[in-house]
Amino acid sequence: MSDDRKLPETDEQWLERLGPARFQVLRKKGTERAFSGELYHHHAEGTYLCAGCEYPLFQSQDKYDSGSGWPSFSRPLSVGAVAEQRDDSHGMIRSEVLCAHCGGHLGHVFDDGPAPSGTRYCINSLALTFRDRDDDNAG
Ligand code: FE
């Protein structure tokens, strides 16, 4: 966790921390190319963290293969881990998903997910990093 690590404030600082690809997604609400993400076909047990601030967002047991081309989760790690807001860009009305800690753009949430939640969190791989279960246990 990086609560003691100050969040960047300017675009320049974010770009320096994230690099151009992650910056475009997290800070500019970009979308990575479908099927391009390193974490799309990723099945190890552990925790998915925000690539912007290392806040824990999703868990491997809630990840499933939606066939969409983006990492998909049936729910966030906790109710407060992510925030949602209306996004009416690109001629669609969608719910944008943001990191509740740093405000980074993660992806969108849809109601065509698996039972029982019926929820699909469609998240850019570039917005996430992965921490293995063994590292979780090590604290
Ligand atoms: Fe974050």
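View 1. Cys99 and Cys102 are both buried, that is, under 20% relative accessible area with a 1.4 Å probe and protein chains only, whereas exposed means over 50% and partly exposed in between. This is a predicted model, where local features need pLDDT of at least 70, side-chain atom pairs count only at 80 or more, and totals for chains, interfaces and linings use all residues. Residues are numbered from 1 along each chain as its sequence is written, and side-chain values use heavy atoms, leaving out hydrogens and water. Through their SG atoms, Cys50, Cys53, Cys99 and Cys102 are the protein donors of the iron ion, 2.3 to 2.4 Å from it (donors are N, O and S atoms within 2.8 Å of the metal, or 3.2 Å for Na, K and Ca; water is not among the atoms, so sites may look incomplete). Angles of 101 to 114° among the four donor atoms make the site tetrahedral, a term for four donors with all angles between 85 and 135 degrees.

View 2. Look for Tyr48, whose bridge partner in strand 2 is Phe58.

**View 3. A cis peptide bond.** The bond from Ala115 to Pro116 is cis, with omega near 0°. Pro116 sits in the loop between strand 7 (105-110) and strand 8 (120-123).

Note on methods
Tetrahedral: all angles 85-135°; square planar, octahedral: opposite > 155°, others 65-115°. Pairing = 2+ DSSP bridges. Helix = DSSP H or I, 4+ residues; strand = E, 2+ residues; numbered from the N terminus.
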